[in-house]
Amino acid sequence: TREFDAPPAKVFRAHTDPALVSQWLGPRRLQMKVDHYNCRTGGSYRYVHVGEDRHEHGFHGSFHEVRPAELIVQTFTYEGVPDGVALERLVFTDQ
């Protein structure tokens, strides 16, 4: 559980707008390049984190269900361990 001092709609936008996602996701010491990010039910994403040594770490997944300002259900795969797929459920509620 994570809490943010912002309304659910703004936190949802930070998770769905690729320009915003690239500002906060991942270790700050790495550069993030978004290949594609289509946050909608049935959509998908792929991005790459690039280290100082120029080594790339790719991540991809699918959006299984997206309800604006309410819910995101998605898969998450680190391409360095392709058999390790996580299912994430993000619920946006007002506290």
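# Reading pockets, a helix and rings

Modeller: The second largest pocket here has a volume of about 160 Å³. The model is predicted, so local features need pLDDT of at least 70 and side-chain atom pairs count only at pLDDT 80 or more, while totals for chains, interfaces and linings use all residues. Residues are numbered from 1 along each chain as its sequence is written, and side-chain values use heavy atoms, with hydrogens and water left out.

Colleague: What is a pocket, and which residues line the second largest pocket?

Modeller: A pocket is an open set of points on a 1 Å grid over the protein atoms alone, where a 1.4 Å probe fits and protein lies on both sides within 12 Å along at least five of seven lines; lining residues have an atom within 4 Å of a point. Points are joined across faces, edges and corners, and the volume is the space filled by probe spheres set on them. In this case the lining is made of Arg 2, Phe 4, Lys 10, Val 11, Ala 14, His 15 and Trp 24. By class, four are nonpolar, one is polar and two are charged. Ala, Val, Leu, Ile, Met, Phe, Trp, Tyr, Cys and Pro count as nonpolar, Asp, Glu, Lys and Arg as charged, and the others, Gly among them, as polar.

Colleague: Which element gives the most to the lining of the second largest pocket?

Modeller: Helix H1 does, with four residues. Helices are DSSP runs of H or I of at least four residues, strands are runs of E of at least two, and both are numbered from the N terminus.

Colleague: What is the volume of the largest pocket, and which residues are closest to its centre?

Modeller: The largest pocket has a volume of about 660 Å³. It is lined by 26 residues, and Phe 4, Val 11, His 15, Leu 90 and Phe 92 are the closest to its centre. The lining divides into 16 nonpolar, five polar and five charged residues.

Colleague: Which residues of H1 are buried?

Modeller: Buried means under 20% relative accessible area, exposed means over 50%, and partly exposed is in between (1.4 Å probe, protein chains only). In H1, which spans residues 8-16, the buried residues are Pro 8, Val 11, Phe 12, His 15 and Thr 16. They lie on the same side of H1, because they cover an arc of only 130 degrees around the axis. The arc is that of the directions from the helix axis to the C-beta atoms. As a general idea, an α-helix has 3.6 residues a turn, so residues three or four places apart point the same way.

Colleague: What do the buried residues of H1 pack against?

Modeller: They pack against helix H2 (18-24) and strands S1 (31-37), S3 (56-67), S4 (71-78) and S5 (85-91). Contact means heavy atoms within 4.5 Å. Take Thr 16, which counts as buried at 16% relative accessibility. Leaving aside neighbours within four places in sequence, Thr 16 is in contact with Val 21, Tyr 37, Cys 39 and Ile 72.

Colleague: How many aromatic pairs are there, and why is the pair of Tyr 45 and Tyr 47 stacked?

Modeller: Rings of Phe, Tyr and Trp (its six-membered ring) pair if their centres lie within 6.5 Å; planes under 30 degrees apart count as stacked, over 60 as edge-to-face and the rest as tilted. A search of the whole structure finds eight pairs. The ring centres of Tyr 45 and Tyr 47 are 5.9 Å apart and the planes are at 15 degrees, so the pair is stacked. Tyr 45 is buried, at 3% relative accessibility, and Tyr 47 is buried too, at 5%. Ring pairs link both into a cluster with Tyr 37, Phe 59, Phe 63, Phe 76 and Tyr 78.

Colleague: Where is Arg 54, and what is its phi?

Modeller: Most residues other than glycine have a negative phi. Arg 54 has a positive phi of about 70 degrees although it is not a glycine. Arg 54 sits in the loop between S2 and S3 and is exposed, with a relative accessible area of 58%. Ala 69, in the loop between S3 and S4, also has a positive phi, near 60 degrees. Ala 69 is partly exposed, at 30% relative accessibility.
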